[in-house]
Amino acid sequence: SCRVFKKELKMIIDRRILSRKYARAFLNIFKKEITPAVIQKIAKLVEFLNSHKQSEVYLRMSMISPKKKREVLLKIFAEFDLEHSALEKLLDVLLVKNRVQFISTILNQIVVKYNKQNNIVDAQFRYSHELDDETKKTISDFFQKKLGLHIVYKYILDKSLIAGVRLNTDTDLWEYSIRQQLEPLRRRCKG
């Protein structure tokens with residue numbers, strides 16, 4: 001059981017290293033074709049693939065021909081307006097190298113590396129009640145100046161905040177809400 005765990009851990013680490021290498025190469029080769037809009041589409045594709053884990057199982061099946069796998073993935077790319085893109089070339093390389101099952105991990109690394117290179121941060125912006133566009137813009141301008149980064153927001157209505165807002169990035173958490181202000185009081189009463 002320990003041997004199996006070590007083997008699985010090594011496979012996960014190898015997959016991550018390999019995915020980073022493919023992502024770096026892809027961004028170096030196709031840097032002129034990759035725009036923020038393309039990266040956003042790739043990020044949505046990654047979200048889709050990660051929420052449909054059975055797609056990886058499908059891509060691992062040796063009884064399904066590479067031609068059929070390519071056909072299916074190209075249809076998925078088309079759904080995200082990524083047909084006839086550099087991703088087709090990446091897909092062809094992965095099929096030849098028998099690594100197509102890593103595509104979601106590689107695509108995720110492409111997004112991560114592109115964003116890092118271009119000082120872009122993905123953020124979840126949670127709010128307790130509906131905000132108009134002007135208020136969202138004011139808040140986003142505030143965070144952009146405060147963090148000094150270009151922020152791509154995913155807006156989420158979150159009733160648990162109790163009159164407030166919360167911004168989550170990979171490295172930062174900023175919250176201003178009644179719930180956050182009441183939390184220390186709750187801990188004191190509990191402890």
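Select F26. F26 is buried, at 3% relative accessible area. Buried means under 20% relative accessible area, exposed means over 50%, and partly exposed lies in between, with a 1.4 Å probe and protein chains only. Before going on, note that this is a predicted model: local features need pLDDT of at least 70, side-chain atom pairs count only at pLDDT 80 or more, and totals for chains, interfaces and linings use all residues. Residues are numbered from 1 along each chain as its sequence is written, and side-chain values use heavy atoms, with hydrogens and water left out.

**Stop 1: aromatic rings**

How are the rings of F26 and F30 placed, by centres and planes? Their centres are 5.0 Å apart and their planes meet at 50°, so the pair is tilted. Rings of Phe, Tyr and Trp (its six-membered ring) pair if their centres lie within 6.5 Å; planes under 30 degrees apart count as stacked, over 60 as edge-to-face and the rest as tilted.

Now select Y153 and Y155. This aromatic pair is stacked, with 5.6 Å from centre to centre and 20° between the planes. Y153 is buried at 17% relative accessibility. Y155 is partly exposed, at 33%.

Together with Y153 and Y155, they form one aromatic cluster. The structure holds eight aromatic pairs.

**Stop 2: strand β1**

Colour by secondary structure. Helices (H or I, at least four residues) and strands (E, at least two) are DSSP runs, numbered from the N terminus. Find strand β1, residues 120–127, and pick A123 in it. Is A123 buried or exposed? A123 counts as buried, at 3% relative accessibility.

Show what surrounds A123. Leaving out residues up to four places away in sequence, A123 touches I151, V152, Y153, K154, L167, N168 and T169. Such a contact means heavy atoms within 4.5 Å. Then draw a distance from A123 to L173. They are 50 residues apart along the chain, and their C-alpha atoms are separated by 9.5 Å.

**Stop 3: two helices**

Move to helix α2, residues 36–51, and select Q40 there. Q40 is partly exposed, with a relative accessible area of 40%.

Next comes helix α6, residues 103–117, where V112 is found. V112 counts as partly exposed, at 42% relative accessibility. Draw a line from V112 to F77. They are 35 residues apart along the chain, and their C-alpha atoms are separated by 19 Å.

**Stop 4: the whole chain**

Zoom out. The protein has eight helices and four strands. From the N terminus, the order is α-α-α-α-α-α-β-α-β-β-β-α. Along its principal axes, the C-alpha trace spans about 60 × 45 × 25 Å.

Colour by burial. Buried residues make up 36% of the 191 residues. Of the contacts with a separation of 6 or more, 67% are between residues 24 or more positions apart.

Last, show the charges. Lys and Arg count as positive and Asp and Glu as negative; His and the chain ends are not counted. The place of a charge is NZ of Lys, CZ of Arg, CG of Asp or CD of Glu. There are 38 positive and 22 negative side chains, and the centres of the two sets lie 9 Å apart.
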